[in-house]
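Please look over the sequence and the structure before reading on.

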Amino acid sequence: MRQAASDAAVPSPPVPRARLSATGPRAQDPVRPRTPSPAPVAGPVRTCVGCRERDLRSALLRLVLVPDAAAGASPRVVVDERKALPGRGAWVHPSAACLDLAVRRRAVPRALRVTAPLDLAAVRDHLEPTDR
């Protein structure tokens with residue numbers, strides 16, 4: 001009987017699980033992170049609503065919705081040059097290409113949390129001298 005007890009199955013150590021391959025949809029490339037970020041420079045970082053790239057706050061334009069002075073007039077979008085106006089802001093690169101992309105994606109009204117389409121003529125006028 002003693003010998004029968006020693007013949008009993010002794011639990012073996014757990015087998016290590018195989019590593020998942022580095023080619024699946026969730027695999028991360030250590031050389032290129034998922035979210036592109038600017039060079040490690042001091043300063044706040046914002047995301048452009050047009051191209052969705054992250055950049056330094058100083059390199060982007062801030063668009064703000066301000067109430068119009070006329071009674072019953074709809075609010076208008078202005079460029080906040082000092083980046084100090086109150087309220088929610090949308091950030092965009094100072095190029096017509098990023099603004100066009102933001103308009104096509106309807107990203108400016110979404111970022112400012114309004115449902116009506118917005119007139120961005122003042123922003124385009126601000127960008128014209130910059131693009132030339």
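In which loop does R52 lie? R52 is placed in the loop between strand 1 (45-47) and strand 2 (54-56). The model is predicted. The points below cover a surface patch of positive charge and the 2 salt bridges that a search of the whole structure finds.

**Positive patch**

- A patch of positive charge on the surface brings together R52, R104, R105, R106 and R110.
- R52, one of the patch residues, is exposed, with a relative accessible area of 51%.
- R105 sits in the loop between helix 2 (96-104) and helix 3 (107-112).
- With a relative accessible area of 31%, R105 is partly exposed, and it can belong to the patch because patch residues need over 30% relative accessible area and no salt bridge.
- R106 is also placed in the loop between helix 2 and helix 3, and at 64% relative accessibility R106 counts as exposed.

**Backbone angles**

- R52 is not a glycine, yet its phi is positive, at about 65°.
- R106 has a positive phi as well, of about 55°, and is not a glycine either.

**Salt bridge between R62 and D80**

- Side chains of opposite charge can pair when their charged atoms come close.
- R62 and D80 form a salt bridge in which the closest N and O atoms are 2.6 Å apart.
- R62 belongs to strand 3 (residues 61-66) and D80 to strand 4 (residues 76-80), so this pair ties together parts that are 18 residues apart in sequence.
- R62 counts as buried because its relative accessibility is 9%, which falls under 20%.
- D80 is buried too, with a relative accessible area of 4%.

- Are R124 and D100 buried or exposed, or partly exposed? R124 counts as partly exposed at 33% relative accessibility, and D100 counts as partly exposed at 37%.
- The side chains of R124 and D100 meet in a salt bridge, with 2.7 Å from N to O.
- This pair links distant parts of the chain, with R124 in helix 4 (residues 121-131) and D100 in helix 2, 24 residues apart.

**In brief**

- The salt bridge of R62 and D80 has a buried arginine and a buried aspartate.
- In the salt bridge of R124 and D100, R124 is partly exposed and D100 is partly exposed.
- The patch of positive charge includes R52 and R106, and a positive phi is found at R52 and at R106.

Note on methods: Residues are numbered from 1 along each chain as its sequence is written. This is a predicted model: local features need pLDDT of at least 70, side-chain atom pairs count only at pLDDT 80 or more; totals for chains, interfaces and linings use all residues. Side-chain values use heavy atoms; hydrogens and water are left out. Patches are made of residues with over 30% relative accessible area and no salt bridge: like charges are joined within 9 Å, nonpolar side chains (Val, Leu, Ile, Met, Phe, Trp, Tyr) within 5 Å. Accessible areas come from the Shrake-Rupley method with a 1.4 Å probe; for residues, only the protein chains shown count as cover. A salt bridge is a side-chain nitrogen of Lys or Arg within 4 Å of a carboxyl oxygen of Asp or Glu. Lys and Arg count as positive and Asp and Glu as negative; His and the chain ends are not counted. The place of a charge is taken as NZ of Lys, CZ of Arg, CG of Asp or CD of Glu. Helices (H or I, at least four residues) and strands (E, at least two) are DSSP runs, numbered from the N terminus. Buried means under 20% relative accessible area, exposed over 50%, partly exposed in between (1.4 Å probe, protein chains only).
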